[in-house]
Structure formats: structure tokens, C-alpha cells
Amino acid sequence: MISFVGAVARESMTGLRLLRRQVSRDTRLRRAGFYASLGLTLLVALFPFYVMLATSLTPDDAIYVNDPGLVPQALTLSQYTVLFSSETFAFTSYFFNSAIVATVTATFSLFVGVIGAYSFTRLDYPGNTVVRRGVVVVYMLSAITVVVPLFQLIARLGLVDTRLSLFITYTVSTLPLTLYMLWNYFESLPVAIEEAAMLDGYSRVETIFRVVVPLSLPVLVATFLFAFKIAWNEYIFASVFLKSQAKLTLPIGIEQMNANFSNVWGQIMAASFLTTLPIIVMFLYLEKYMVEGLTAGAVEG
């Protein structure tokens, strides 16, 4: 009997060791698969930016060789020097135009979004559900589907070739996303906090801006960044509504450089890199709020 128990115990220990080895092997395989997938994702995501930066730092005679390498043999800032000193390509003006349009659009969209999203979640009025569903439908529409009616509206108002036309159309593009992210977050906020503020004598508007807005800082930052990014990178509306060179934004300016000049890939890459830089800097600086805001805005209460 004792020998039988001993045999069973030995077999159990052997089986346990084999199980541990299998689990350890599976864990290593999962880790290897995870890191391989992560590396491949980073390669696909970051390689275009590397090529853009490397090309912008490469002299012209090295860009147009038959067999260019991935690592530049010589580095130069001449592409950036030509970009900022060029009289035919007003990069500084385009950058300034994009910054103004994106900042004003994101700020206005955020302000309207706060008011609208709060009304969706806290006020009961006829058509509330219809408006909310309409916002989702508009959010799913592509910009090209509304460019014709918007152009007709802008033309009737006499706003073609003005920044105001971009403010209006960019707000139309960013407001559905702003409303959607904010109302999902506002639904998760306890109503009791707002009721306590109103008992202390706050009005509805004071409650929004003194209680709800401070509590919603992460999602407000994330929403602002998304609205800013959409307006900063927008191409279709700007190409339709703007005509004057002095009012062009960066995407249109870079496209015109490519169309009007030949063998300027170094300058195009330099302009493209500088165009992506503000978004990267803003994301890295506000990454904490960005992650918190995305998580909060994606969860309904």
C-alpha cells in the first residue's frame, strides 16, 4: 500500500513538473509573440516618420541617387533653411494660418460641445434622443458627402476665401466627435454633486463651469486635442474654400509645392515633419490627460 502511494506521489510530482514546464514554455511563447507584434506595429507606425525626417536632413544630390540608403551618409539643414527663406513657398504664413484655424476651431467646438453634451445628459426636452442620434449619424458621414451643400451655404453668405469659412466647416467636422466624447463622460458624473452646488446657490451655468468642467479636465483635454488634430490636418474643405495664397493652410501649401515645383522632396519632407511636430509635442506633453480622457469618454455611465 505504501509503495502504491509512493508511486502515485512520484507520478503526480512528475506530472506537476511537466505542467510547469509547459506553462513556462507557453508564457515565453506568448511574451515572444507579444513583443514581436509590438515591434512590428512600431516599425509600421514609425518607419514613415523616420523616412520623412531622414529625407529632410539629406542633401539633394543624395536624395535622387539610384540606390538611396536608409541611413543618410551626410546630414544637412539646408532643406529647412530653404524652406524658411523661400519667397515662393510661404511656410511661416501657412503654419500661422493652420495654427489660428485649428486653435479657434478646437476652442469653439469644445465650448459648444460642453454646453450641448451637458444638455443631452441633464436636461429633458422634446427631441433630445433624435438630436443625439443625429449627432452620431453626422459623425459617421465622410467630409466629401457634405462639401457641396456647405460650399453652397458658404458661397451664399459671401464667405469663400475667408478664415471664417474654415471656422464654420471645421466646427461642423469636429463638433459631433466633441459632443459624443463629452456626453459619454458627463453621464458618468454623479448628479448629486451638481445638486449640491445648486443648493449652495449656483445657477445651472455656474454649475457647468465651476463644477462639471473642473471635474472633466482629462476628457476636455483629450477632446480639444482630437478637434485640434482634425482641423490641423484637414485638406478637403481648405482646398475648396480657399483661393488666396496668403490664406492657405499647411496641407494645401505642401500639396501646391509638390504640384508647382520639381525635385523638392527634401523641402516637402521638411515641411511635412514640421507639420507633424506640433501634434507630437502636444500629445507627449498632455499624454496623461489624453489617456485618462479617452478611457473616460469611451465608457458610458
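Is Ser-109 buried or exposed, and what is its relative accessible area? Ser-109 is buried, with a relative accessible area of 0%, where buried denotes under 20% relative accessible area, exposed over 50%, and partly exposed in between (1.4 Å probe, protein chains only). The model is predicted: local features need pLDDT of at least 70, side-chain atom pairs count only at pLDDT 80 or more, and totals for chains, interfaces and linings use all residues. Residues are numbered from 1 along each chain as its sequence is written, and side-chain values use heavy atoms, with hydrogens and water left out.

Ser-109 lies in helix H4 (residues 91-122); helices are DSSP runs (H or I, at least four residues), numbered from the N terminus. Residues up to four places away in sequence not being counted, Ser-109 touches Thr-174, Leu-175 and Thr-178, contact being defined as heavy atoms within 4.5 Å. Thr-178 is also in contact with Thr-223, as are Leu-110, Met-181 and Leu-182, when neighbours of Thr-223 within four places in sequence are left aside. The C-alpha atoms of Thr-223 and Thr-178 are 5.9 Å apart, although 45 residues separate the two in sequence. Thr-223 belongs to helix H10 (residues 217-233) and is buried, at a relative accessible area of 2%.

The largest nonpolar core contains 36 residues, and those with the most contacts inside it are Leu-83, Phe-89, Phe-91, Leu-166 and Tyr-170. Such a core is a set of buried Ala, Val, Leu, Ile, Met, Phe, Trp, Tyr and Cys residues joined through side-chain atoms within 4.5 Å. Helix H13 (265-285) is among the elements that give two or more residues to this core, and its share, six residues, is the largest. Beyond four places in sequence, Phe-89 is in contact with Leu-83, Tyr-94, Gly-253, Ile-254, Met-257 and Ala-271. Another core, of 17 residues, lies apart from the largest one and includes Val-114, Phe-120, Leu-182 and Val-212.

Asp-161 is situated in the loop between H6 and H7. Its phi is near 65 degrees, a positive value in a residue other than glycine. Asp-161 counts as buried, at 15% relative accessibility.
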